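Please find below my note on the model under review. The points are numbered so that they can be taken up one at a time.

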Amino acid sequence: MAPKRIIGVDLQQDSVRVVVLTRRKDGMHLAGQACVALPKGEPELLPTVLRKACLAAGVSSGPAALALPRGEVAARTVLLPPAPPDQVEPMLDMEVQQYSPFPSPESAFGYLAQPPRPETGEVECLLVVARQAALDSARRTLASAGLSPAWLAAQGVALCGMLTGERPVLVIQVEAGWTGLDLVSGGLSISRTLPLGSARLREAGQDPSVLERLAGEVERCLLSAGELPAPPELVLVGGGAQEALAALLAERLGVACRLWTASGQPGLAAPTPLGPEYALAAAVALQAATGPATLALRTHAPETERRSRSRAVLVGALSLLAVVVVVLVALGRGPDPEQVARTQRLLVRVNSLQARADHLADLERELRVRVREQRSFPDAARDFAVRAPAGVWLSSFACGPGGRATARGKALSSAKVGQLMTALGESPCFTDLNLAFVRQTKVGESALVEFSITWEPPGE
Amino acid sequence: MRLLTRREQVLIGLCALVLAAVGLPQASRLWSAPAPAGAATLSRRQAELERRVGSLQDSVAALTTTREQTVPRALALVQRAAAKAGAQVELARPLRDMRTGALTRHAVQFTVTGSFPQVVDLLAALASEKTSLVVERVEISAADEASDRVQAQLRVAGYEPAPTPAQQSRRSP
């Protein structure tokens, strides 16, 4: 999501310029601007001066956009084979190293893709490549002044992006010590730098050679742009841009040449006049707020770097795996052998104790059965004697372990035995009462019956 | 985009195979090793079993009578009960030891005479004694046709655990 407020920063050799834009419903509005001179030969003061400029423009922090110096950036047009939009960046990412003029293995890049050509489907891209070191340096500079780097791009691309409308524009940026010519339109990208500073160009009226040199370079650029559908318009920007120079160039070249001002800039509402020295700061701020996001520079790690990183990751992962295995092996020697032996002895002891407990439980059960008290026998004998009717004589009374009790005797008749059975059946001492036999017998001259009765002693 | 050459890929694959071959068995050994919690459980179980064995040993000892203890205890028991009931102990005869299951029985056979109520009282007195001896068998019969005296045959027995084969083999030499 684009920030509501963006700070455009232009760092030059002699000054720091800041433009603050705020987003409103009707577009971007100028909220403040400041230009603070940078003491010559004291680059370490740059963060301090930048901070001072921000405060002068009415801001102390926030997202900032910055264009890298011309020498740190290269732009060129690349023609990619037909590809869907989401594949453009990966393809360019592979091409960056090939097109980068910088020997450093790491670089930054941004791009602007044109719509695919209708006849072939090829995609024309403006590829901007920068030194990674320059990108890092710019970020550090902004951060040291309390600003957060939000958008970093190339100067010429940012200027052309802002100025180019229906008609192509050749931007002439006049600064202390140099003059830059930039033309970015369609598939064309031209960038030249002349060692003509603003001080020399101020003498262009008196020294025709100076004007001639600049005009000659501009003519070459215009010739290179001859394939464009319309001749480019010349726009002067920068701290050294002057009406007089614009008039001289227009007269010399025969084309329109004007100074940039905020009042004529579409998409930017400026309540206060904003001169050409602020063009670059306004351009990066406007491009950051409304321009294509792909133009922002991002880090590109070349394949060799990525490969070495991948290898490092793989080596790290394998090393970690090896450490895990070594730890497992160390632990896999098992718990302390003494501990294992102790546990095994414990297991044997527990098993032995369990067997001993089972054996003792069986013994106890059997002993309890054997040593059961025979309380019922005397009661049964006493009860038998009480319940036996007259005419019944008991001759033996026996009871053994785990068996039935037996009573034998004689009676006057079988009826007496029946009475005895009935009487015993009413007693709780005799369960499962059974008459084993009754038979006739003689005792002297008397005829009697002999009987045997068995019963189950009641459970104890 | 190929980040690694074929040779590097093969080498990494080999490394992974070797590491897996060395590491997996060790890991499985580690996982299958008895956990410290197992040793703690065993210790607890050992303590429980030791308590249970101690309790069972006490119970078994209370129910046990050795061969040497049986005869004097049985004599004292029956004489005391007979004196209490007014019966007479006519005969006391130790019987041969007999193995019954896991136990060995030591028994003494008594012949007691008296009236039927006296014999019944004697049996009641024996039954009321708290002892590890037991009256296993009683046979009451008339002593003679002319009187009301009866004769009782009593078998008083005590039990002890039979020696295990291991104990027997230790005793034999």
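**Note on the predicted model**

1. Of the 460 residues that make up chain A, 35% count as buried. The secondary structure of this chain comes to 12 helices and 19 strands. Among the contacts in chain A with a separation of 6 or more, 64% are accounted for by residues 24 or more positions apart.

2. The model is predicted, and its confidence figures should be read alongside the points that follow. For the complex, the predictor gives an ipTM of 0.74 and a pTM of 0.50. Chain B has an average pLDDT of 83, with 84% of its residues scoring at least 70.

3. A sheet in chain A deserves attention. It is open, has five strands in the order E11-E10-E9-E12-E13, and its pairing is mixed. E11(A) and strand E13 (257-259) of chain A form the edges, since each pairs on one side only. From one strand to the next, the twist averages 20°.

4. Helix H4 of chain A, residues 155-163, packs on this sheet and touches E9, E10, E11 and E12 of chain A. The direction of H4(A) makes about 55° with that of E10(A).

5. Val235(A) stands opposite Arg258(A), the latter in E13(A).

6. Helix H6 of chain A, residues 208-224, can be checked for its length. Its 17 residues should span 24 Å at 1.5 Å a residue, and the end C-alpha atoms are 24 Å apart, so expectation and model agree.

7. Which residues of H6(A) are buried? They are Leu211(A), Leu214(A) and Val218(A). Viewed down the axis of H6(A), the buried residues fall within an arc of 75°, and therefore line one face of the helix. Pro208(A), Ser209(A), Glu212(A) and Leu223(A), on the other side of H6(A), are exposed.

8. What do the buried residues of H6(A) pack against? Their partners in chain A include four strands of the sheet described above: E9 (169-175), E10 (178-185), E11 (188-194) and E12 (233-237). Two helices of chain A, H5 (198-201) and H7 (243-253), are also packed against by these buried residues. Taken with point 4, both H4(A) and the buried residues of H6(A) have E9, E10, E11 and E12 of chain A among their partners.

Methods. Residues are numbered from 1 along each chain as its sequence is written. Chains are lettered from A and ligands numbered from 1 in the order in which they are written. This is a predicted model: local features need pLDDT of at least 70, side-chain atom pairs count only at pLDDT 80 or more; totals for chains, interfaces and linings use all residues. pLDDT is the predictor's confidence in each residue, from 0 to 100. The expected span of a helix is 1.5 Å times one less than its number of residues. A residue is buried if 20 or more other C-beta atoms lie within 10 Å of its own, exposed if 12 or fewer, and partly exposed in between; C-beta atoms are placed from the backbone. The arc is that of the directions from the helix axis to the C-beta atoms. Two residues are in contact if their C-beta atoms, placed from the backbone, lie within 7 Å. Two strands pair if DSSP finds at least two bridges between them. Axes are lines fitted to C-alpha atoms, for helices over the stretch in contact, and angles run from 0 to 180 degrees between N-to-C directions.
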